[in-house]
Amino acid sequence: MSRPLPWHEEVYRQLRQAHAQRPAHALLLSCPAGHGGSTFARALAMRQLCRGDAATACGVCRSCQLVQAGTHPDHLLLQPEEPEAPIKVDAVRKVVAFLGQKAQFSGWRVVLIDPAERMNVQAANALLKTLEEPGEQVLLLLVSERPGELLATLRSRCQLWPLPRASFAQAEAWLAALGAGAQAQPSLRLARSAPLRAQMLAETAWPQRLATIVSDLQSLLDGHREVLNVAAQWKSWGEPLILADILAQWVEDLMSRHVRRTTGLHHPEFSMAYDRMLSGLDAAKLHGVWQKLITLTRDLAGNVQLQLWLETLALDIARLSRRGGSR
Ligand SMILES: [Zn+2]
């Protein structure tokens with residue numbers, strides 16, 4: 001990852017230029033999820049340590065090779081040990097120790113913290129002191145999808161660089177160049193236009209499942225399929241958070257169509273199906289289903305039984321139907 005993604009090339013150029021004129025020692029790179037903030041930060045870290053003089057890291061010098069191997073002595077990467085785990089104070093103490101030593105290579109020392117909002121309060125406080133006096137030729141890169149969750153005192157000590165989202169067209173072109181082919185557009189729609197998430201989804205069966213899901217939802221509303229049966233199928237696919245997001249997109253599309261919106265739908269190809277569903281359901285109850293869907297992450301963390309959760313969800317969806325009854 002020696003280069004930023006195409007939609008970040010301009011801000012990368014501007015940042016490098018600003019840094020060359022007046023080096024900053026702490027940068028807060030904020031970027032929406034799935035739009036390549038980590039790639040940007042890694043490209044920047046590698047460029048800072050690279051021995052070449054091109055605009056981006058050369059990728060082949062000794063320094064670049066060590067960064068890629070994760071063994072560069074002047075580069076420290078701080079990440080959570082588990083995907084959802086916090087970054088704790090012990091990890092930040094490593095940063096303090098790292099910056100207490102002299103650089104072994106090029107002169108610069110680069111610390112990358114990703115995602116920065118995962119630092120717990122003790123960790124963030126421990127980092128504060130370092131941010132006040134980081135030392136000579138030190139670059140701290142904090143990457144965050146939700147910079148608002150960082151301590152205000154931490155934010156104020158960093159130079160903020162908001163990284164733009166990719167446009168749908170940029171993201172689609174990028175996916176096509178990676179060989180996503182016909183999968184590019186449906187994956188991107190499922191990913192709410194986030195290219196890196198779309199890249200991940202393009203390699204799964206989720207884009208093909210969308211039509212099945214819409215037809216399942218219609219069957220639930222019509223009372224033609226058993227709630228338990230649908231819930232069992234959903235569970236069999238695994239990855240409930242992806243399913244919950246797709247269902248949330250369905251509810252959002254129904255809400256849009258309910259107020260006769262024709263633009264901004266996640267999946268406009270189902271407009272007619274949505275209108276048919278809306279003719280038989282109580283739209284006032286849609287919000288309740290949507291709220292349930294967006295709390296799944298929290299519910300799963302609270303050890304909720306997934307099977308039961310999906311069954312309740314399918315029942316709530318069936319009960320959206322005006323034909324209601326005791327189902
Ligand atoms: Zn290099």
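In the predicted model of this protein, 71% of the contacts between residues at least 6 apart in sequence join residues that are at least 24 apart. The chain is folded into 16 helices and five strands, and the C-alpha trace spans about 75 × 40 × 35 Å along its principal axes. Of the 327 residues in the protein, 36% are buried. The domain assignment divides the protein into domain 1, covering residues 6-162, domain 2, covering residues 168-202, and domain 3, covering residues 206-318. Between the C-alpha centres of domain 1 and domain 3 there is a distance of 39 Å.

For alanine 45, when its neighbours within four places in sequence are left aside, the residues in contact are Val67, His75, Val110, Leu112 and Leu141.

Helix 10, which runs through residues 206-222, was then considered together with its surroundings. This helix has 17 residues, and the distance from its first C-alpha to its last is 24 Å, close to the 24 Å expected at 1.5 Å a residue. The buried residues of helix 10 are Trp206, Pro207, Leu217, Leu220 and Leu221, and the elements that cover these buried residues include helix 8 (184-190), helix 9 (195-202), helix 11 (227-236), helix 12 (240-258), helix 13 (271-279) and helix 16. With helix 16 (residues 306-318) in particular, the axis of helix 10 comes within 8 Å, and the two axes cross at roughly 65°. On the side of helix 10 this contact is made by Leu217, Leu220 and Leu221, and on the side of helix 16 by Ala314, Ile317 and Ala318. After helix 10 comes glycine 223, which has a positive phi, near 75°.

Several features of the backbone were found in loops. Most residues other than glycine have a negative phi, and most peptide bonds are trans. The peptide bond from aspartate 114 to proline 115, by contrast, is cis, with omega near -5°, and proline 115 belongs to the loop between strand 3 and helix 5. Glutamine 137, a residue other than glycine, has a positive phi, near 50°, and is placed in the loop between helix 5 and strand 4. Because glutamine 137 has 15 C-beta neighbours inside 10 Å, this residue counts as partly exposed. Arginine 260, in the loop between helix 12 and helix 13, also has a positive phi, with a value near 65°. Arginine 260 is exposed, because 7 other C-beta atoms lie within 10 Å, and the limit for an exposed residue is 12 or fewer.

Threonine 56 lies in the loop between helix 2 and helix 3, and its C-alpha atom is separated by 9.2 Å from that of arginine 13, although the two residues are 43 residues apart along the chain. Residues up to four places away in sequence not being counted, threonine 56 touches Ser2, Arg3, Ala43 and Arg47. With 18 C-beta neighbours inside 10 Å, threonine 56 is classed as partly exposed, since a buried residue would need 20 or more. Leucine 178, for its part, is situated in the loop between helix 7 (168-177) and helix 8. Leucine 178 is likewise partly exposed, with 13 other C-beta atoms within 10 Å. From leucine 178 to glutamine 199 the C-alpha distance is 8.7 Å, while the two residues are 21 residues apart in sequence.

Terms used
Residues numbered from 1 in each chain as written. Predicted model: local features only at pLDDT ≥ 70, side-chain atom pairs only at ≥ 80, totals over all residues. Domains from an automatic or database assignment. Axes fitted to C-alpha atoms, helices over the stretch in contact; angles between N-to-C directions. Helix = DSSP H or I, 4+ residues; strand = E, 2+ residues; numbered from the N terminus. Contact = placed C-beta atoms within 7 Å. Expected span 1.5 Å × (residues − 1).
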